[in-house]
Amino acid sequence: MLQFVILLAFLVVTQFAAVSYSAPLTCPPPNEVLPCTCTSSATGKPSLACIGPTISQANIERLFARIRAVNAIPLDGGPEDPSQYTPSPSGKTLNWINITRFDLTNTEMTSLNNAPLIGCHFDVLDASNNPLLREIVLADINKLINGRYRGEISVAAETVRFDRCALGDSAWKAFTMFHNSVRHLSLKNNALAIVEYRSDYLKQLHALERLDLADNRIYEIRGSQFTENHYLQHLNLSRNRISSLGPAAFKILHTPFEVADKRLTIDLSLNNLYNGQGMVSEPYKVH
């Protein structure tokens, strides 16, 4: 059993690690990306920012287009090499680029199309404090590269924050673009009413370790939403409207992936749940 667990963990890690990334990046001249900014670093992984109420989708598209142009890195990586990630007979790779962090905050955008972000690996992607943002649109990657692409990841990010936006339940599908790259996902203070269970959206986030859904409108946890999130250690559901938990709500706890001496911390405080002595007000840990 231990060998089985180690093998599966290895496959999850190596599947993502097999994505190839580009050489150190040079930032475009500042006037070419305004009102956004690109800040170079000694590591060759720049930090990007598009902040403020004047930011539009066109600004974001220009920023990433200029970065690729200045560094001569096209999005289309050409025919897939069988030794590379997700080979397919007529498929193509992406030319990935490394970004330390991308701050897309305090805008008045109502919709975000992920097309400019495709082929980017972010250590941190922070799109918080966008109170009008209700929609994340997934671009057709095959049209963008004019060919077939069967990779599971289109945007890679280890930490993703969309706090204090206006995202509803339709947004769950959008986060599948990160697939098994995202480890920390924060969606605090949005308009989420359910933890998606009818589809496999959440289950595709295999590497997820922290999920923060505090301050939403979630009213129940049912089904078995977390069965594929084998590495999940912190789940924050505080300050929602949860009044019932399904019998298989946290089925993940009974999988062979649970690491010894590690527990899943679930915060269900300040919901409509009662433990026989009063309302649940503190986080708790379960095996």
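What follows is a chat about the cysteines, the strands around them and the confidence of the model.

Guide: Keep in mind that this is a predicted model.

Visitor: How many disulfides does the structure hold?
Guide: There are two.

Visitor: What makes Cys-27 and Cys-38 a disulfide?
Guide: Their sulfur atoms lie 2.0 Å apart. The cut-off is within 2.5 Å, so the pair counts as a disulfide.

Visitor: Which hand does the link of Cys-27 and Cys-38 have?
Guide: It's left-handed, with -70° about the S-S bond.

Visitor: Why is Cys-27 called buried?
Guide: Because its relative accessibility is 13%, and buried means under 20%.

Visitor: And what about Cys-38: buried or exposed?
Guide: Cys-38 has a relative accessible area of 17%, which is under 20%, so Cys-38 is buried.

Visitor: How do you know that Cys-36 and Cys-50 form a disulfide?
Guide: Run the test on this pair: the sulfur atoms are 2.1 Å apart. That is within 2.5 Å, so the pair passes.

Visitor: Why is the disulfide of Cys-36 and Cys-50 called right-handed?
Guide: Because the torsion about its S-S bond is about 115°. This pair, too, links distant parts of the chain: Cys-36 is in the loop between H1 and E1, and Cys-50 is in strand E2 (residues 47–51), 14 residues apart. Both Cys-36 and Cys-50 are buried.

Visitor: What is the pairing when you number the bonded cysteines in sequence order?
Guide: It goes 1-3, 2-4.

Visitor: Now the strands. What makes E1 and E2 a pair?
Guide: They share three bridges, in the antiparallel sense. A pair needs at least two bridges, so E1 and E2 qualify. As one example, Thr-37 has Ala-49 in E2 as its bridge partner.

Visitor: How do you know that E2 and strand E5 pair as well?
Guide: Five bridges join E2 to E5 (residues 97–105), in the parallel sense. With at least two needed, that settles it.

Visitor: Why is E5 called mostly covered?
Guide: Count its residues: seven of the nine are buried. E5 also runs parallel to strand E7 (residues 120–126), joined by six bridges. There, Ile-97 has Cys-120 in E7 as its bridge partner.

Visitor: What makes Cys-120 buried?
Guide: Its relative accessible area is 0%, and the cut-off is under 20%, so Cys-120 is buried. Cys-165 gets the label as well, because its value is 8%.

Visitor: What is the mean pLDDT of the chain?
Guide: It's 81, and 74% of the residues reach 70 or more.

Visitor: Where does pLDDT stay under 50?
Guide: One such stretch is residues 1–20, for which the model has 22 contacts beyond four places in sequence. Another is residues 84–89, with 20 such contacts.

Technical notes
Residues are numbered from 1 along each chain as its sequence is written. This is a predicted model: local features need pLDDT of at least 70, side-chain atom pairs count only at pLDDT 80 or more; totals for chains, interfaces and linings use all residues. Side-chain values use heavy atoms; hydrogens and water are left out. Buried means under 20% relative accessible area, exposed over 50%, partly exposed in between (1.4 Å probe, protein chains only). Helices (H or I, at least four residues) and strands (E, at least two) are DSSP runs, numbered from the N terminus. pLDDT is the predictor's confidence in each residue, from 0 to 100. Contact means heavy atoms within 4.5 Å.
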